[in-house]
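User: I would like to learn how to read salt bridges in a model. Please take me through some cases.

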Amino acid sequence: MDEQVFFRKLSGLSTSTEIFKFLSSLEVMSDVMASGALQRISEVEVDEDGLKNPEELLESDVFKALCFQFEYEASKLSNAGLLNALQALIKLRIDPESTLMASLLSESEERLATRQLAVEHQCSLAESLLELEGPGCATLEQIVNRIQEEDIENWTPREMTVVYKMLQAAVREGEQYHDLLSRMNSATLAIADQLSPNFTSIILNSLVVLQQTQAVPLVIALCKHSVKHVPYFTDDELVNVLDAFLYFGHREQSFTDALETHVPKSISSMHPETVSKVMQYCCQKTILSKPIFDAVAECFISDADRFTTSQIAECIAPFGTLNYLPPSASSLFRKLETVLHTRFSQFQPHTLLNLLHSCVLIQRYPVNFLPKIFSPYFLQHLQAQPPGLDRFVASQLTRLFLTVTLECPFYQGPKLLPKYQVKAFLTPHCSLDFHLLKRVKAGLLYLLKERMYFASEVSTPYFYIVDIEIKLDEEGFVLPAAQCEEVHKRIALCVDGRNRFCINSHNLLGEEAIKRRHLQLLGYKVVQVPFFEIESLHTSRKMAEYLHKKIFPHTYGLGC
């Protein structure tokens, strides 16, 4: 049988019984076909727990015949047949001390010593030795040293990929073979546009694992190249690519555009891990992609049971973080409440807290679950697991507590004890843009004439820090910032730089949206000063005129 026809038929078989029946129908097959059959058997018969049916497999006459051929004809095998069989038998948990394995290993090492193995086959042998003996194997060191002598610049994309994959398994940090990796990174940059989806994904994953943060030009080239492969990546490949974008901090608008086209069309067949990784990518990059978010919402509503608890949190939390309610919001959060009721105990404490915290950012109040969250039992579990009750976690708890106090007055359950509350919220993603603040302060000084009439970065008793605070008396006159008596109204100016919005958007992030709601409920008049309204105001006078209209819209010519 033609090899291509053989492998096409083999790939359609899903049990060892079917494979053995197929092999029995053949009169003759090459060693490459026989090793391919062993590899397919290992794919269908091995799971996380090992062999599914060891007795049935190992006692099969067809399997015994295959092993017999490889054991007694090892010297006649092609390099591909020899090394593919070795990898498959290792995966099938065949005893490393058996005569079969000893024969194959001996023949492989003999060919390595006599330089009969090409780069690809050396890497295959290295992966087998890593499985059997771990990274301390002397032969492994010999293989890597031999590879360093190769003419790397002339490697094919396949050869480059298998070496990256081997090094990823052999030397986790990459420090030991810094020069080799540096040469490989430079050579790969020249062939980046020739890489298939599979090769692109493998190399990006290797660069992450090997911590190749200095290979910026290669990373950028591979990320750009991956755009055209988005529709063709498998789930695992796409996860690798997304991990690389996250690890290296790279952002590519065309990649996001490709995801926006691909994900809504393909989400019904995507693995939940891939869906959650797409949402993690959008969340960390503050990319509010409504087509993706809407598709994920519909997917969760119809198929929530497929998702693990951590995947649920990774899919739902970005809605709160990026402050977005999809058209199906009511159905989405009804489904989430049902899932929480049935699977509450399965959630890890930090995962659960992050999920519920994200809900209150978009005014979805988990009041039925807060008594458990504020209970000593839950807080002890939260403290016992990394990162414990650090300031970030305490900020989330405090914001939940403040939300039910201000927005859910009907809540009668346990409160958060003061010892778990922070003095001020930690908002690392929404930090103050001091350059923007300086310009606004200059405009206020021009408007109010005296610096004493406003204060910046003001701490409140309610955990929030106000960017700029202005106090008014009962008649609407501005009071000195230090005065505490006769204060009738407080104005909170929110000086919002780009980092407080979703990327390329005027959509506030969830933590900023809830801050405005809470400040208003606490009696402040909230005035938003977003970057996109003041970027073109280059003089203090123009800034003052703008602020006058924003802060005192009903007064005439105040200070101007």
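This is a predicted model: local features need pLDDT of at least 70, side-chain atom pairs count only at pLDDT 80 or more; totals for chains, interfaces and linings use all residues.

User: How many salt bridges does a search of the whole structure find?

Analyst: Side chains of opposite charge can pair when their charged atoms come close. The criterion for a salt bridge is a side-chain nitrogen of Lys or Arg within 4 Å of a carboxyl oxygen of Asp or Glu. By a search of the whole structure there are 18 salt bridges.

User: Where in the chain do R40 and E43 lie?

Analyst: Helices (H or I, at least four residues) and strands (E, at least two) are DSSP runs, numbered from the N terminus. R40 and E43 are in helix α3 (residues 31-45), and because they are 3 residues apart there, about one helical turn separates them. Their side chains form a salt bridge at 2.9 Å, N to O.

User: Which parts of the chain does the pair of E149 and R115 link?

Analyst: E149 makes a salt bridge with R115, with 3.6 Å between the closest N and O atoms. This pair links distant parts of the chain, 34 residues apart: E149 is in the loop between α9 (138-148) and α10 (157-170), and R115 in the loop between α7 (99-113) and α8 (119-133).

User: Is E149 buried or exposed?

Analyst: Buried means under 20% relative accessible area, exposed over 50%, and partly exposed in between (1.4 Å probe, protein chains only). E149 is exposed at 57%, and R115 is exposed at 55%. E43, at 46%, is partly exposed.

User: Are E512 and R500 buried or exposed?

Analyst: Both E512 and R500 are buried. Their salt bridge has its closest N and O atoms 3.8 Å apart. E512 belongs to helix α25 (residues 510-521) and R500 to the loop between β6 (489-496) and α25, so the pair ties together parts 12 residues apart in sequence. Salt bridges with shared partners join D467, D496, R500, E512 and R516 into one network.

User: Which residues does the annotation "domain: RAP" cover?

Analyst: UniProt positions are given in the numbering used here, feature names are shortened, and annotations may be inferred rather than shown by experiment. The unreviewed UniProt entry places "domain: RAP" at residues 491-549. Over residues 491-549 the chain is 44% helix and 22% strand, with 14 Å between the end C-alpha atoms.

Terms used:
Residues are numbered from 1 along each chain as its sequence is written. Side-chain values use heavy atoms; hydrogens and water are left out.
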